[in-house]
Amino acid sequence: MTLPEQPLSPLDGRYRTAVVGLGEHLSEAGLNRARVLVEVEWLIFLTDRELFGSHRLSAEQAASLRSLVDEFGQADIDELASLEATTRHDVKAVEYYVRARLERLGLSDVAELTHFACTSEDINNLAYALTIGSAVREVWMPALDAVLAGLTDRAVAHRAVPMLAHTHGQPATPTTVGKEFAVFVHRLRRIVVRIEHVEYLGKFSGATGTFAAHVAADSSQDWPELSRQFVESLGLVWNPLTTQIESHDWQAELYSAISHANRVLHNLATDIWTYISLGYFTQIPQAGATGSSTMPHKINPIRFENAEANLELSSALLDSLSATLVTSRLQRDLTDSTTQRNVGVALGHSLLALDNLRRGLGEIAVNEVRLAEDLDGNWEILGEAIQTVIRAEITAGNSSIIDPYALLKDLTRGRRVGQAELVEFVRALDISDGAKDRLAALTPAGYAGLASDLVGFLDS
């Protein structure tokens, strides 16, 4: 028996609720609505200037045209699909759709200004810039902000909770839980600035970017200036020098920055997974949830594993988009057309990961008992402090010790050293009594330096 029609992508099936917001912008319907917007606004732009003997539309007529965008729905989606089945050209279908509406609105006299002097890419590049921009600002960025808020809350709440650090997977100079969360906040904030400053460029200059048809129709107009005004009226940045297509460099910049954010988030996911495996974080049981089909005791870190996988998929797609969209053979080829249809998929995997990270951060707790146990079991990490103090004492003329690093390496490398042994070692050192007292009072939990204070830099 054949299955009913099924979604092929998990983003449209299993994970649909987590990414549905992107469909408003980056679906085929969202793109078509933006195409209608560009066609309508271009026609109003031309008639506002009464070009080619056209009349300025009344406020009511302009509002009726703009309602095609505001009221765009399923019937319009179906009609455009039907038109495209005949035209075999998506933008031409949009042109015919707008022309039909002009006739119904009694505006047949300006119908020939629909898609006037446009190549399909004039419409498409503006539509993509509008939809990608709105998707990033209204859907993806708020999801990232929610994760950043969760990380910031953790950084502040746990700023003074000491934690044994691990460099190369080995016990190292302690830090604090909050400071480690703050590192990720700081990294992501810098990337957010880059994303927020990406320019969404648009071109509107005809078949090969030369305004040739425009000039043929009316050489008295300053078409580059009119193009600039129109593109900027849509909230985009005008690109004056292009081929048939807008060169997509801004898209490469945007996707590179989002992919960078993905990789930082991937680092976060793998770090939290590791802290959970070390017992530093515990997972809060969720009512009714099952960790393993056979081991009932398990609570698997699935939020972070899911995020890790989806961030990898998102970055793979975004990296491919960044690499391929900046190349177009001579004045135009169609490789970008099919490639850009995957922007929503790329952002969708990132959005799904952000949803999992946000949820995951709310389902973990810091295990201060386990953190304290690990700190207390690794007194040898104070070797760094001891040899550094000895060096200071030598410089101050308070010690005649030679090669303090080697001295501490012989004591601590590859072996456990307890508190009593370290204190005995310190008391026998050729250093001042004040230095001995400071070192003898030092504990692993108290050797986190300025970690707690560093969290304050998040406020600067």
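The legends below describe close-up views of a predicted model. Local features were taken only at pLDDT of at least 70 and side-chain atom pairs only at pLDDT 80 or more, whereas totals for chains, interfaces and linings use all residues. Residues are numbered from 1 along each chain as its sequence is written, and side-chain values use heavy atoms, with hydrogens and water left out.

**View A. Packing of helix α1 against helix α2.** Helix α1 (residues 16-26) and helix α2 (residues 28-48) pack at an angle of about 35°, their axes being 5 Å apart (axes are lines fitted to C-alpha atoms over the stretch in contact, with angles running from 0 to 180 degrees between N-to-C directions; helices are DSSP runs of H or I with at least four residues, and strands are runs of E with at least two, numbered from the N terminus). On the α1 side the contact (heavy atoms within 4.5 Å) involves E24, H25 and L26, and on the α2 side E28, G30, L31 and R33.

View B. P162 has T176 of β2 as its bridge partner. Two residues lie between the strands, and H168 takes a positive phi near 60° in this hairpin.

**View C. The aromatic pair of F72 and Y97.** The ring centres of F72 and Y97 are 6.4 Å apart and the planes stand at 70°, so the pair is edge-to-face (rings of Phe, Tyr and Trp, the last by its six-membered ring, pair if their centres lie within 6.5 Å; planes under 30 degrees apart count as stacked, over 60 as edge-to-face and the rest as tilted). Because F72 belongs to the loop between α3 (59-70) and α4 (74-87) and Y97 to helix α5 (residues 90-104), the pair ties together parts that are 25 residues apart in sequence. F72 is buried, with a relative accessible area of 12%, and Y97 is also buried, at 0% (buried means under 20% relative accessible area, exposed over 50% and partly exposed in between, with a 1.4 Å probe and protein chains only).

**View D. The aromatic pair of F181 and F281.** With centres 5.9 Å apart and planes at 10°, the rings of F181 and F281 are stacked. F181 lies in helix α7 (residues 177-196) and F281 in strand β5 (residues 281-283), so this pair ties together parts 100 residues apart in sequence. Both residues, F181 and F281, are buried.

Note on methods
Two strands pair if DSSP finds at least two bridges between them.
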